[in-house]
Amino acid sequence: MTTRVKGRAETSPADDEFLQQLQRGGELLAANKVIESKEFLERAHQLQPRNEKAQNLLGLCYFKLGLFDRAAELYEMLVRDNPVDPTLRVNLGLVYLKTNALQRAVREFETATDLSPEHQKAQNYLGLALAQMGEYGRAREHFLLAGSDAMADKMSRAIAGENFSKPTPAPVASAARVEAPPPAPAPAPQKAPPQDETLPEEEIRFAEDEGPSALSESEGGPVLTATPEEVEPSVPAAAPEPTSVPVTKVQLTQVAARVAPASAAQVLAKLAASVVLEAERSKGAFIQAEGSFGIVVDGELLTRLEGMVALQGQLVFQPEMKRFRGRATDKPFGEGSARMVRARGKGVLHLEPAEHREFFAVDLGEDSAYFRDENVFAFEEPVMFENGRVPSDIAPDLDLVHLRGQGQVLLSLPGPLRSVVVRPEAPVTVPLTHLVGWQGNLTPRVVSLLKSPTGETLRTAVELGGEGFALIALAVR
């Protein structure tokens, strides 16, 4: 007899097959039967290409088999969709370390330690990557932070001229082998020290216990950060299907605003004057009319009710809860009058924006973006969302909404929407008063922009590093 879990939704045969393939592949991988696990995990990935658990386990499988290009492709996608998860950054850095892409490995490990300074494995692997590059002084600092006194001592001796022997290059493991892959090849050291000074191979094994992305949830609600998590054979509920964000193809397009009429929508990276929707527009959920703004509901739509002055038609509203890792939580999405609700039925909401605010509608196209919670007013039902936040020690945590999928999003902003290009060599810092969000493979960090003589933070900002676009709003003048 089959026992059903109360309240669990019915699953399709395809969902059942996915879970079976993923669970079996995970069990075999945990038992170090890597070759056997590959077929099951590839089938699970084929059934749900955007499932993060399947991506992570398949990436680990490819890593163990020495298929580093395939592993890198999966982890780059995971990092792109979860840019503030240090666990995934560590795993991607290890893939780069094994292929001797040392600069890229260092960048990922450094980002992981910025996001989570207490992440000892990230500190240790950063030390290893720097040691491979011959930067023994910096490597020693990170080994000390990792609590690896033995490796820190080796760095001290290397600085004194007693260079240790870097790992001997070994051939990449083929698909026919199941043991752990060999260390990444590295340039020959300046001196050939005794063999007992070699860097232990286990020091640069893949972070198997880093596990899948683990965006942790604290007592205060979901947090866009991570803690290490072991790869377990048990299979959780299927994760959402996040969409990658190729920053070379930015499609977030402004389609409405409270300014003089214009005709063509524009790519976000090249936004000019805002665009007004005519009142007679028949398609789309957000309509701009002279002196008013309307939200058309035909089925379902998520919106806040702040500033509602009238309601036409038959609509019912249900309070929406925050979502985290594809599941609803018990935390409300917004507070008080700013609470997000799910509107069902057919009708029109007539709204007036808050004082010193304007409405702007943008189209996500095929891409996704992170927005500050307070800036997201409404979005069409096909758009998928997850909530999270960037923790901060110097200011209130930064609440975020990650939106992806085809559909329009209505933003409430203090002024016109603009973008600033962010490049790996040129991070961008935006005061909190102007930050709307970002798009692309970016890592946010709350920083102090101005301090008092006593060291008190007077003004905070968000530093965005990586590659993508910072979204900002100009104040109304």
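Visitor: Which residue stands opposite Phe 371 in strand 19?
Guide: Keep in mind that this is a predicted model. Strand 12 (residues 368-372) and strand 19 (residues 435-451) run antiparallel, joined by 2 bridges. The residue standing opposite Phe 371 there is Gly 437.

Visitor: And what stands opposite Tyr 370 in strand 15?
Guide: Tyr 370 points one way from strand 12 along with Ser 368 and Arg 372, while Ala 369 and Phe 371 point the other way. Strand 12 also pairs with strand 15 (residues 398-404), antiparallel over 5 bridges. In strand 15, the residue opposite Tyr 370 is His 402.

Visitor: How many residues of strand 12 are buried?
Guide: Residues pointing either way from strand 12 are buried. The strand is largely enclosed by the rest of the structure, so the count of buried residues is 5 of the 5.

Visitor: Over to helix 8 (residues 136-145): what arc do its buried residues cover?
Guide: The buried ones are Tyr 136, Ala 139, His 142 and Phe 143, and helix 7 (120-132) and helix 9 (149-159) are among what covers them. On the other side, Glu 141 and Leu 145 are exposed.

Visitor: At what angle do helix 1 (residues 13-30) and helix 3 (residues 52-64) cross?
Guide: Their axes come within 11 Å, and the crossing is left-handed. Phe 18 and Leu 22 of helix 1 and Leu 57 and Leu 60 of helix 3 are among the residues making the contact. The crossing angle is roughly 35°.

Note on methods: Residues are numbered from 1 along each chain as its sequence is written. This is a predicted model: local features need pLDDT of at least 70, side-chain atom pairs count only at pLDDT 80 or more; totals for chains, interfaces and linings use all residues. Side-chain values use heavy atoms; hydrogens and water are left out. Axes are lines fitted to C-alpha atoms, for helices over the stretch in contact, and angles run from 0 to 180 degrees between N-to-C directions. Helices (H or I, at least four residues) and strands (E, at least two) are DSSP runs, numbered from the N terminus. A crossing is left-handed if the near helix is turned anticlockwise from the far one by less than a right angle, and right-handed if clockwise. Contact means heavy atoms within 4.5 Å. Buried means under 20% relative accessible area, exposed over 50%, partly exposed in between (1.4 Å probe, protein chains only). Two strands pair if DSSP finds at least two bridges between them.
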